[in-house]
Amino acid sequence: DIVRMLKSLKTKEGIRLMVRYEPSLCLEETDDLSSYLSACHTDLVIAGTWQSGISPQDLSLKVQYATKNTYQERLFLDGKGARTEFQGPLPGLLTDVVLGDLKNLVYWASAIKQQRAGYFDDAVATLEKIDQDRQKIKPLVIFMLTQGLIQGGRYQRALDKFEELLAEEPQNATYYSDRAAIWEQMEWYTKAMADYNQALSLDPENTNIKVSRGLLFAKLGQHQAALQEINELLEKYQDVAALYTYKGQVYEGMKNYRAALQNYEKALSFDAQNADVLFQKAHVLDALDRKEEAAQVIEQILLIQPQHTEANLFEGDMLSNERLWEEAIESYNLVIARYPSGQAFGARANAFDALDNTAAALDDLAEATKIQPTLAEAWRMSGKLLGESGRNREAVEKLSRAIDLRAGNAEIYCLRAQIYTQASEYNKASADYTQALEIA
C-alpha cells in the first residue's frame, strides 16, 4: 500500500529522496521507488520536510513529500491506525532546507529518524554537522536541536540554545513559550511564568500558551486564576475536549473531586476512548472511594491501550497507598514482566525501600534511570538512599543529576547539602542551602 501510494505521489518537481541507515547512512535519488522501498523495508524517512511537534510514541510512520510550492502529508498512522491529511503552502524557511544542499538534507532527515527512535544525543550530534552558514537555516536547526536536548533531558543546554534563538528572533512568542515549558519541567515556576507572560504579550490570542499558563497557575496554588484562564477559553471554544480535561485537573488539585469528575466526563463525551482522560477519571473515582468503578475504568483503559503505564501500575499504587508493600511488589512484578518501564521500576523501588530492602531498591532505581534517564525522582531517591548508606560521593553524583533535571526544586538542593555536611564539605553545603532559600 505504501509503495502504491508513493508511486501516485511522484511528480516531476517532487523530491524523491529517501534516507535510511541500516546499519549505515545511505542516500539515493531514484525513480524506482518500489525496488528502493523493498531494499529499505519500512525502516525509512522521506526527506524534505520538518516534522515538528510529533512525539515518537504518537508516530508509527509518516510519509511526506514536497514540491517547490506545496507541502503535503498523505499518510499518518498512529497506534490506532488513524489517517489524516494535510496540504498547505511550504514555508520559505523549509524551502531553503528542503531544496538546499543535499548533504544538509541527509543530516536533517537522519536526525529526525534518530529522534523518532529515541536516540536524542545522536540526533543532536547529527544536527550539529549541518552547515549553518546560511542565516535562514540557522534558527531552524537550533530550534530542532533544542527539541532533541529537551527530550534527552539536557535542559541547561536547551536553555542556552534558546538564548541563541531569541537573539535571532527576540519577538518570537513560540520561543518564549517553549523555554517556559523547560523552566516548568525543571520546577522553576517563577521563571516559567515570566516567559509565558512574555509570550502572551507578543501573541495575546495564542490558545496553547494561555492553557499552559493556566495550568502553571494551578501548580503555583493559584487555582482561581487557573480556572479564570480556562473558563475564558471555554467561552470561545465550548467543544474542545482538552479544555474540560485541564479544568478537571485544576479541580483535582483543589481536591474538589466531584467537579473534577464532572469535567473529565464532559471531555470523554467528545472522545470516549481517550485513555489518559479515562485514567484521570479512575483516579478521582478512587479518591471518592468508588473503587469498584475505578477498577472497571482501568480495565477499559487496558483494553484500549494495553501498555498504558499508569493504568498498569494502578493496582500496585493502590496497594502501596494501603501500605501493603509485599502485595504491591507482586503487582509491580507482573507489570515489569509485561511492560518494563522506568516508572514501574521506580514504583517497585519505593516498595522495596519501605521494606528496608535498600539493595533491591537501588537496583530498581538503576534500571529506572537506564530506561528513562529523565526520571528525576529516581535520581533523587538513589541519592537519598546512597547518602543514608554513607556512600557520599555516589549520592552527590545522583543528586546532581536530579538537580540538572529539576533545578527549581529546593528540596533536592537541601538533600545534597545534607550529604555535603555529612562529608564535611561545609562550603558546598552552605552554597546549596543558599540556593534552596533563593528558590523558596
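## Salt bridges between helices

Glu411 is partly exposed, with a relative accessible area of 48%, where partly exposed denotes the range between buried (under 20% relative accessible area) and exposed (over 50%), for a 1.4 Å probe and protein chains only. The model is predicted, so that local features need pLDDT of at least 70 and side-chain atom pairs count only at pLDDT 80 or more, while totals for chains, interfaces and linings use all residues. Residues are numbered from 1 along each chain as its sequence is written, and side-chain values use heavy atoms, with hydrogens and water left out.

The whole structure contains 20 salt bridges, each being a side-chain nitrogen of Lys or Arg within 4 Å of a carboxyl oxygen of Asp or Glu. Among them are the following pairs.

| Pair | N to O distance |
|---|---|
| Asp195 and Arg179 | 2.6 Å |
| Glu229 and Arg213 | 2.9 Å |
| Glu411 and Arg380 | 3.9 Å |

Glu163, Arg179 and Asp195 are linked in a network of salt bridges.

Glu229 and Arg213 are both buried, and their pair links helix 11 (residues 223-236), which holds Glu229, to helix 10 (residues 207-219), which holds Arg213, across 16 residues.

In the remaining pair of the table, Glu411 belongs to helix 22 (residues 410-422) and Arg380 to helix 20 (residues 376-388), 31 residues apart; Arg380 counts as buried at 14% relative accessibility.

Key:
Helices (H or I, at least four residues) and strands (E, at least two) are DSSP runs, numbered from the N terminus.
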